Amino acid sequence: MSRLSVRAFTISADGYGAGPDQSLKDPLGVGGEALHGWLLPTRTFRQLSGKDGETGIDDDFAARSFENVGAWIMGRNMFGPVRGPWPDESWKGWWGDNPPYHVPVFVLTHHARAPITMEGGTTFHFVTDGIESALAQAKAAAAGKDVRIGGGTATVHQYLRARLIDEMHLAVSPVLLGRGENFFAGIDLPALGYACTERVSTPAATHLMVTKQA
């Protein structure tokens, strides 16, 4: 059965999933790049650019994040820094001509746009009629595989409040951001029926699995 999962979502030690003031210079907000110190050296990440990398626990979690994924969902802010109506068709994401998804990606937005077909099997679809519609379309495209939510924080919150997420992998990075998008603000995970079911620590991150209880 297809599951809706959050995987390899990194938050700071003070709970921020991104820094403030996202821009072309700072895609993850000011200071946000520091969150992914655990991920960047891993073999899984470095193989995306044809390089070798480190194995071990951090790489194991990175590799798990790509297993059995048939479609992605992301928010408009994760797709890019453009706000409001699309001024033109030039922005096609942060990732170049061959994004790392290689499956259909459904972008939540209030402004319609035609799908964008990229190299490597990635097609961005823009969904204007809500999270349930995006999930239905993603599950249909995934054809029995899992649907992964990429982010950002606001998108994860919407699906959490609707109790649609089956499991989350949160990687807590030992950095402090102080400002930005706080992952836990306004979210009561126990009240929503979620529990921490696994914890594994490395020098670079503490990996938490949070699972929806029956």
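**View 1. Histidine 102 in its loop.** Histidine 102 is found in the loop between helix H3 (76–79) and strand S4 (104–108). Helices (H or I, at least four residues) and strands (E, at least two) are DSSP runs, numbered from the N terminus. Phi of histidine 102 is near 65°, a positive value in a residue other than glycine. Histidine 102 counts as partly exposed because its relative accessibility is 40%. Buried means under 20% relative accessible area, exposed over 50%, and partly exposed in between (1.4 Å probe, protein chains only).

The model is predicted: local features need pLDDT of at least 70, side-chain atom pairs count only at pLDDT 80 or more, and totals for chains, interfaces and linings use all residues. Residues are numbered from 1 along each chain as its sequence is written, and side-chain values use heavy atoms, with hydrogens and water left out.

**View 2. Valine 82 and its contacts.** The loop between H3 and S4 also holds valine 82. Leaving aside residues up to four places away in sequence, valine 82 touches Arg76, Pro87 and Trp91. Contact means heavy atoms within 4.5 Å. Glycine 93 lies eleven residues from valine 82 along the chain, and their C-alpha atoms are separated by 9.9 Å.

**View 3. Alanine 8 in strand S1.** Strand S1 (residues 4–12) contains alanine 8. Alanine 8 is not a glycine, yet has a positive phi of about 55°. Its relative accessibility is 14%, so alanine 8 counts as buried.

**View 4. A cis peptide bond at glycine 152.** The bond from glycine 151 to glycine 152 is cis, with omega near 0°. Glycine 152 sits in the loop between strand S7 (146–151) and helix H5 (153–161).
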